[in-house]
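Please look over the model below together with these notes. They are arranged as numbered points, each on one topic.

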Amino acid sequence: LNAAALAELLAEQAAVGTVIKADGDVFGFFSALSLQHLAPSSPAVARLSSFLLERCHPQSAQQKLSAMLEASAPPVGLIISERLVNAPVQLVPDALDSLTQDIEWAIENEEDKELRASFKFNQLLMVAQVSASRADTSTSAASAVAQGSSSGGGGKKKKHKSHGGAGDGTGLDWAALEQLQFVRPEEEAIAYEAEWCTLLHCGAQQFVLMSLSLPELKAMVPKLRAIMCD
């Protein structure tokens, strides 16, 4: 993957993208790239899309992702984020909230008509690094909040959710997600609420690819504040 070319695209994209700052220091960023819009003119984005398809397993999930990324399909955005290890996690929900506002602003106000249409994301993809198994079997804070919010806050554990495609073998359900150890708590929480999740196999490392709509991502902001700020 051409990380330098992707970084240049992110830097040049004025309409969408937000940085995580505290006391004047930059700790990270959130942005989103329109894959079908950029792939024809950017070899780096075309290679990134191919990479996701190549690493997506099982084959049924690969076929589902391939259909989503067809040039004629509705726009799909890939959320790209990074932050320093010592970044205050309390800033993450606000940064994600700013990103959703950026996308909404671009849909309404971007001067270039083609670019404006490219931000009308039907789905947003996120990639989260995971390890193959959870060290302990206790419920994580992220999954506990997801279960609590889904059951109305009554403390009852929700029945395992089947993400779109989980029943036909193309996605991961809650039971499968609970066996994974996520590096970042916000990505774990989002995975539990995503419409669809599947695995990406990258050698010794393993990742979860998740897909959700912009309204669903916006709805995650208060849930993330409950996890990371309270």
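1. Overall make-up. The model is a predicted one. The protein contains 10 helices and eight strands. Of its 230 residues, 48% are buried. Among contacts with a separation of 6 or more, 71% are between residues 24 or more positions apart.

2. Helices α5 and α10. Helix α5 covers residues 92-109 and helix α10 covers residues 214-228; their axes lie 8 Å apart, and the packing angle is about 165°. That angle makes α5 roughly antiparallel to α10, since anything over 145 degrees falls in that class. The crossing of the two helices is left-handed. On the α5 side the contact is made by V92, P93, D94, L96, D97, T100, I103 and E104. On the α10 side the residues are L214, L217, K218, V221, L224, R225 and M228. By class, the contact of α5 with α10 has nine nonpolar residues, one polar residue and five charged ones.

3. Helices α3 and α4. Helix α3 (residues 43-55) and helix α4 (residues 59-68) have axes that come within 8 Å and cross at roughly 155°. The two helices are therefore roughly antiparallel to each other. Helix α3 contributes L52, L53 and E54 to the contact, and helix α4 contributes Q62, L65 and S66. Three of these residues are nonpolar, two are polar and one is charged.

4. Helices α1 and α3. Helix α3 also packs with helix α1 (residues 3-12), at an angle of about 115° and with the axes 9 Å apart. The pair α1 and α3 is therefore roughly perpendicular; the range for that class runs from 65 to 115 degrees. The crossing of α1 with α3 is left-handed. The contact consists of A5, L6 and L9 from α1 and A44, V45 and L48 from α3. In this contact there are six nonpolar residues, with no polar and no charged ones.

5. Aromatic pairs. How many aromatic pairs does the count come to? The count is two aromatic pairs. A pair of aromatic rings is described by the distance of the centres and the angle of the planes. F119 and F121 form an edge-to-face pair, with 6.0 Å from centre to centre and 90° between the planes. Both F119 and F121 are buried. The pair of W174 and Y192 is also edge-to-face, at 5.0 Å centre to centre and with 85° between the planes. W174 belongs to helix α8 (residues 174-177) and Y192 to helix α9 (residues 185-193), so this pair ties together parts that are 18 residues apart in sequence. W174 and Y192 are both buried.

6. Helix α9. How many of the nine residues of α9 are buried? Eight are buried, and the helix is mostly covered. The buried residues of α9 are E186, E187, E188, A189, I190, A191, Y192 and E193.

7. E187. This residue is in helix α9. E187 counts as buried because its relative accessibility is 5%, and the cut-off for buried is under 20%. Leaving out residues up to four places away in sequence, E187 touches S81, M126, V127, A128, Q129, F182 and M210.

8. L172. The position of L172 is in the loop between α7 (141-150) and α8. Is L172 buried or exposed? With a relative accessibility of 13%, L172 counts as buried. L172 and M210 are 38 residues apart along the chain, and their C-alpha atoms are separated by 9.5 Å. M210 is also one of the residues touched by E187.

9. A61. Helix α4 holds A61. A61 counts as buried because its relative accessibility is 0%. From C-alpha to C-alpha, A61 and W196 are 9.6 Å apart in space, while in sequence they are 135 residues apart.

How values were computed
Residues are numbered from 1 along each chain as its sequence is written. This is a predicted model: local features need pLDDT of at least 70, side-chain atom pairs count only at pLDDT 80 or more; totals for chains, interfaces and linings use all residues. Side-chain values use heavy atoms; hydrogens and water are left out. Axes are lines fitted to C-alpha atoms, for helices over the stretch in contact, and angles run from 0 to 180 degrees between N-to-C directions. Helices (H or I, at least four residues) and strands (E, at least two) are DSSP runs, numbered from the N terminus. Angles under 35 degrees count as roughly parallel, over 145 as roughly antiparallel, 65 to 115 as roughly perpendicular and the rest as oblique. A crossing is left-handed if the near helix is turned anticlockwise from the far one by less than a right angle, and right-handed if clockwise. Contact means heavy atoms within 4.5 Å. Ala, Val, Leu, Ile, Met, Phe, Trp, Tyr, Cys and Pro count as nonpolar, Asp, Glu, Lys and Arg as charged, and the others, Gly among them, as polar. Rings of Phe, Tyr and Trp (its six-membered ring) pair if their centres lie within 6.5 Å; planes under 30 degrees apart count as stacked, over 60 as edge-to-face and the rest as tilted. Buried means under 20% relative accessible area, exposed over 50%, partly exposed in between (1.4 Å probe, protein chains only).
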